[in-house]
Every structure is written in structure tokens, then in C-alpha cells.
Amino acid sequence: KCVPSTTCNACLYRAKRKGGPIDLCQWQCGCVAKLLCDSDLNPLPITSELHVDLARLPSITGTAQRRIPRIVHQTWREPLDRKTYPNWSRFQESFRHAGWDYRFYSDQEARDFLEEHFPESVVNA
């Protein structure tokens with residue numbers, strides 16, 4: 001299995017930041033550099049843009065100083081219950097006890113939300 005090391009990641013980051021070629025990292029990255037350099041990556045063109053009208057966003061309740069609402073959103077492939085996921089259940093309750101609004105969505109619920117509020121291109125992305 002070809003997984004980049006910490007040294008490889010650091011080299012790739014430096015190369016990107018300096019605008020240099022990533023093949024300079026080949027000795028640090030081994031198989032990763034070979035995969036990156038030998039790949040024929042053709043970036044996909046931007047076919048559409050999504051613009052958000054900030055004036056239409058819901059207002060935030062609470063103090064005027066709070067710009068970020070106290071809401072935790074979590075998604076998971078299936079509903080979380082105490083029997084199957086005891087640690088996650090305690091984690092959820094800890095947020096609620098600390099005054100946060102905790103919202104959980106299964107994969108299907110998240111997909112349903114996207115289908116209701118976004119175009120098909122976003123749902124299938």
C-alpha cells in the first residue's frame with residue numbers, strides 16, 4: 001500500500017508553496033511521487049458556480065457578539081444508538097449538557113436534505 005509519510009507531506013507542501021515541481025520530492029515520497037508524476041491528471045473544468053445571498057441567511061439568535069451559532073452537526077452512515085455506539089451517545093449528550101444544539105443526520109437524511117434544497121449537480125458531487 002502506498003501511503004505518504006510525514007516527510008513526504010512536508011516536501012509536497014513546500015513544493016506547492018514555492019511553486020516548484022513535485023518530482024523534487026521523489027526521494028522522500030517514493031511510490032507516492034511516482035503515482036503523482038506518472039498520473040495523467042486533467043483537471044475538470046468548472047461547469048457551474050453556486051452563489052450564496054448572505055442577506056437571505058437566517059439571523060443568528062442570542063447575543064450580538066456571537067457570530068457562530070452553538071450548533072454541532074454530525075453525519076454518520078446510520079443512526080447512532082446507545083447500544084451500538086455507547087461512546088458516541090455520551091459525546092452527543094456532552095454537547096447538549098454544555099448548552100449546544102446537537103443535530104445528527106444519517107447518510108440518507110443528509111442526502112434527502114441535499115435533494116430538497118440543492119440542484120442535482122450538488123447532490124451528485
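Helices are DSSP runs of at least four residues, numbered from the N terminus, and in this predicted model one of them, helix 5, spans residues 107–117 and holds D112. The protein has 6 helices and 2 strands, and along the sequence these elements follow the pattern α-α-α-β-α-β-α-α. Of the 125 residues in the protein, buried ones make up 14%.

**Confidence of the prediction**

- Across the protein the pLDDT averages 78, and 78% of the residues score at least 70.
- Among the elements, helix 5 has the highest mean pLDDT, at 90, whereas helix 3, which covers residues 31–38, has the lowest, at 69.

**The disulfide**

- A disulfide is a covalent bond between the sulfur atoms of two cysteines.
- A search of the whole structure finds 1 disulfide, and it is formed by C8 and C29, whose sulfur atoms are 2.1 Å apart.

**The nonpolar core around the cysteines**

- The largest nonpolar core has 7 residues in all, namely C8, C11, L12, A15, C25, C29 and V32, and helix 1 gives the largest share of this core, with 4 residues.
- When neighbours within four places in sequence are left aside, C8 is in contact with Q28, C29 and V32, and of these contacts C29 and V32 are also listed in the core.

**The strands and the helix between them**

- Strand 1 (residues 71–76) and strand 2 (residues 101–106) run parallel and are joined by 6 bridges.
- One of the residues in these bridges is I71, whose bridge partner in strand 2 is D101.
- Together with helix 4 (residues 86–97), strand 1 and strand 2 make a right-handed β-α-β unit.

- Q74 lies in strand 1, and because its relative accessibility is 10%, under the 20% limit for a buried residue, Q74 counts as buried.
- Leaving out residues up to four places away in sequence, Q74 touches L80, W88, Q92, Y102, R103, F104 and Y105.
- Q92 is found in helix 4, and with a relative accessible area of 8% Q92 is buried too.
- With neighbours within four places in sequence set aside, the contacts of Q92 are Q74, L80, Y102 and F104.

- D112 and V123 are 11 residues apart in sequence, and from C-alpha to C-alpha they are 9.2 Å apart in space.
- Among the contacts in the protein with a separation of 6 or more, 49% are between residues 24 or more positions apart.

Notes. Residues numbered from 1 in each chain as written. Predicted model: local features only at pLDDT ≥ 70, side-chain atom pairs only at ≥ 80, totals over all residues. Heavy atoms only, no water. Disulfide = S-S within 2.5 Å. pLDDT = per-residue confidence, 0-100. Pairing = 2+ DSSP bridges. Right-handed = clockwise from strand over helix to strand, strands pointing away. Core = buried A, V, L, I, M, F, W, Y, C linked by side-chain atoms within 4.5 Å. Buried < 20%, exposed > 50% of the residue type's maximum accessible area, 1.4 Å probe, protein only. Contact = heavy atoms within 4.5 Å.
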